[in-house]
Amino acid sequence: MMEKTELIVIGAGPGGIQTAITASQLGMDVILLDSQRVVGGQYFKQVPEEFTFDDTSYHHRQASSLFMELQNTKVRIYSNALVWGIFHNPKTNLWQVTVQGENCPARIEAAFIVIATGAYDRSIPFPGWDLPGVITAGAAQVMLKNQGILPGKRAIVSGTGPLQLAAASNLIEAGSQVIAVLECSHNLIAKGIPYLSSLWGQWRRMAEGFQYAKNMVKEKTSYRFGWCVVRAEGLEKVETVTIAKLDKAGYPISSSQQSFDVDTLVVGFGLTPSTEFFRLLNVDMHYSQAEGIFLPKRNYFFQTSAQGIYAIGDCAGIGGANLALLEGQIAAFEIAVKTSHANSFSLEAAIKQTKTKILREQKFARMLGDVFSIPQGLFTLAQPDTIICRCEQITLAEVQEAVNFGAQSVTDIKNISRSGMGNCQGRTCGSLLAQIMSREAKCEPQACHYLNVRPPVHPIPVSIIEEKDNEVLA
Amino acid sequence: MNTSNTFDVIIVGAGVVGCSIAYHLTKAGYSVALIEQKHVGAGASGANFGMVQSNDVEIKHSIPMVLKSYKRFDSLEEELGMSIGFRRIASLRLLSSETQWKNSIERASILPNAGIPYEFVPPERVVEIEPAVSPGGLFGATYASYQGQTNPFLLMWAFLRKANQQGLSLQTHTEVKKLLIQSGRIIGVETNRGSFYAGSIVLATAAWTRRLGEMIGHNWNIHTFRASAMVTERFSDLQVNSIVTSADHIEMEINGPKDSELTVMALSQTQEGNFLIAQADRPGEVLDGKISHVAPKAMSTISTRFFPVLRKVKIIRTWTAPTTYTEDGMPLLGPVEDLQGLILAASFRSAIVNSPIAGEIVTQLINQDHCDLIDISPFAPERTMTQADTVYRVKSSRTDENEMPD
């Protein structure tokens, strides 16, 4: 089954939804695809209807109004629809998106695609990070808010940034004992002073932060700065967590080590952009020091170097939901102009209207990135027998051996050691390989290049792909 | 290690052949640079199933070379000091028609006499050898019981690890822009990272050989086609012991429409338990690494025809291999006439099995100007080619190097 449309939007988080809304309101035919059961992405994660809840927060109101606006457009929405490939069809000269989903067309073609695939938890390896009970902050949120599951009764939260505060706060609200929240950065206040002005207008965010702090104070959860988990231990799941104070460069001070009995360790080292589709399409990439990975180059209207392929929101660099909403609007306007649904004046007006807001959001994102960065020392937590590639169970020692063979890129390391050859195809370990290689081979991380991505971007059963019912290969 | 940009030998192309040549040359004491436009094995060498096979050898002139090289695999791991994941494995070509059967008769009469076990087996025997094959519609199979499979990455890096220890200068992400010639002699290469000079240059460049030749006005008769492949997750519910291929391409070559995907199935289970399945081939030179929008479907369909249980297995990656062939099925191996210092080592059938001997042959050519290991005169790079009877070829009259798929 093949469908055609003017614009395909991949990812129905705030950015993708806004793109679809704006494009559709300008008269475009739009298909919006999302791999989750219901739209909203991570930011507006919808609670299943089976759960009753009472939420009059601003966040909830913002989500509801966006969803309602989407419902009032003619956007064709397919959820539970997993995009596994983007191809170029030389016959039609259009992009062809291949989708796994029961009620969704298997192939959809359009001249324009906006990729809004968001971000996922960034991980750092340390001894025991692969034990059951060690979860990311994002996973904790999903379990708590979306599945109604308490991850555990006695937790430590370690990492950096505001997201882990949210996780800690939600754990406390759900009845977990959170012994401590460990922020690995020192001197948050000193680092934050240059950015004080960017807090202007971010009242809601500050109010959220205040609420988290209130919960933690109430439960006597200690909030330590310059501390981090260094080791998790346990027989079949995590039972003991060892933490340590860090020096200025982030190296653990061994004399400061303390151990705690826990049943849950939540690690939150921020988010990392989901860049699979950009590497699949081989668009021009550039290295971001702040994020430690390669990101797609975009022009002023958020188009990548591939004609008709746009990138908005966190997938092109962590910037938050508000920025994604703004970028989505601009990309939608630009595509509308290209398809004669809008004139360039309206595009200019849109740019003018959003320019200040975009700059403000970008500045705030930069601040978060600077203040809550991962210090170099934390990349030495892993020991020779620590697993780096979780899918193929490849240890740090094996990765180091691959570097010693003479590997000159992360792809060489992958080919020698098998890291990145498992089911997740390097989603978790890809950037870790670059970190390790950069240290061992004494080169810049960007000199390590990046892993190529090939379809399918997620494992897909053969039955989904094979020819059905004598369908002609189009 | 040589830190200047002048060497005894420059090898272009870090595929399995280039890596072997680098190993043998550095072992012989030469200062060598191995120049590669992307990463090691970025072309067909990193995109194949690692088959170490002799049963598809070109039968007129190539058997001595393949036999000698195949024997090298017995001691390669010991010589290179590490595992390359090599194991003996049988090769089974499923025949679905009398035409396919007839096509293999000559081969079945010649190979066993040359020391390569190869026989026809009826459908009942096929199921004995490979219980998972669905025998419906099968005419039988050709069975080569003594073939092999290796991990192509470990093979390349086994050569390279030793070569690096022996002083190799490995230059990846370095693209050759120009071949530098002076007074009828090749003296070096110009790349995006500066120029490198040497008395001898070896092109182990497979699918990129033709365009390098065009740079200097030589017409090197290599053709390229795009093979596609995929790998599944580990799946232990299904055991496949041999390398299983189909032979449908034979009719398609004769009767099929000019621009169709030529779907040959090749299926193999790796030692880790993943399935490497199927191969859809497209005539014409496509070197961008992008898989076509129809190949995954073609591969899935043909593989489930023979192994229905694969339907529920998940594919984790698809890719393409820029595969080469020559009209007579023999490599371009030897010095280029009327241009001093240039040696070609390209388009082997196949590169993996011939890689050990290719390294030794090129080292002899550089050492003593001729090769005593085997007679390589039939492989002269600029010979006139006559179409041979080959096991698998895409008729050159059907291919147009510059034709866009329609």
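Within what distance do the axes of helix H3 (residues 137-146) and helix H4 (residues 162-174) of chain A come, and at what angle do they cross? The answer is in the first legend below.

This is a predicted model, in which local features need pLDDT of at least 70 and side-chain atom pairs count only at pLDDT 80 or more, while totals for chains, interfaces and linings use all residues. Residues are numbered from 1 along each chain as its sequence is written, chains are lettered from A and ligands numbered from 1 in the order in which they are written, and side-chain values use heavy atoms, with hydrogens and water left out.

**View 1. Helices H3 and H4 of chain A cross at roughly 35°.** The two axes come within 9 Å; axes are lines fitted to C-alpha atoms, for helices over the stretch in contact, and angles run from 0 to 180 degrees between N-to-C directions. Helices (H or I, at least four residues) and strands (E, at least two) are DSSP runs, numbered from the N terminus. The crossing of H3(A) and H4(A) is left-handed, that is, the near helix is turned anticlockwise from the far one by less than a right angle. On the side of H3(A), the contact (heavy atoms within 4.5 Å) involves A:Ala137, A:Gln141, A:Leu144 and A:Lys145. Their counterparts in H4(A) include A:Leu163, A:Ala167 and A:Leu171. By class, the residues of this contact are seven nonpolar, three polar and one charged. Here Ala, Val, Leu, Ile, Met, Phe, Trp, Tyr, Cys and Pro count as nonpolar, Asp, Glu, Lys and Arg as charged, and the others, Gly among them, as polar.

**View 2. Buried residues of H3(A) include A:Ala140 and A:Asn146.** A:Ala137 and A:Leu144 are buried as well; buried means under 20% relative accessible area, exposed over 50%, and partly exposed in between (1.4 Å probe, protein chains only). The buried residues of H3(A) pack against strand S9 (119-121), strand S10 (134-136), H4 and strand S17 (264-268) of chain A. Just after H3(A), A:Gly148 has a positive phi of about 65°.

**View 3. Helices H10 and H11 of chain A cross at roughly 115°.** The axes of H10 (residues 396-405) and H11 (residues 410-417) come within 9 Å, and the crossing is right-handed, the clockwise case. H10(A) contributes A:Glu398, A:Val399, A:Ala402, A:Val403 and A:Phe405 to the contact, and H11(A) contributes A:Ile413, A:Ile416 and A:Ser417. These residues divide into six nonpolar, one polar and one charged.

**View 4. Five strands of chain A form an open, parallel sheet.** Their order is S4-S3-S2-S8-S21; two strands pair if DSSP finds at least two bridges between them. S4 (76-78) and S21 (309-311) are at the edges with a single partner strand each, so one side of each has no neighbour in the sheet. Neighbouring strands are turned by 15° against each other on average, direction ignored. Three bridges join S8 (residues 112-115) to S21(A), and A:Val114 stands opposite A:Tyr310. Helix H1 (residues 14-25) packs on the sheet, touching S2 (7-10), S3 (30-33) and S8 of chain A. The direction of H1 makes about 170° with that of S3(A).

**View 5. Strand S11 of chain A runs parallel to S12.** Five of the six residues of S11 (residues 154-159) are buried, so S11 is largely enclosed by the rest of the structure. Six bridges join S11(A) to S12 (residues 177-183). In this pair, A:Ser158 stands opposite A:Leu182.

**View 6. The search of the whole structure finds zero disulfides over all chains.** A disulfide is a pair of cysteine sulfur atoms within 2.5 Å. The sulfur of A:Cys184 has its closest cysteine sulfur in A:Cys228, 5.6 Å away, which is too far for a bond. A:Cys184 is buried, with a relative accessible area of 1%. A:Cys448 is in no disulfide, and the nearest cysteine sulfur, in A:Cys443, is 3.8 Å away. A:Cys448 is buried too, at 0%.

View 7. Most residues other than glycine have a negative phi.
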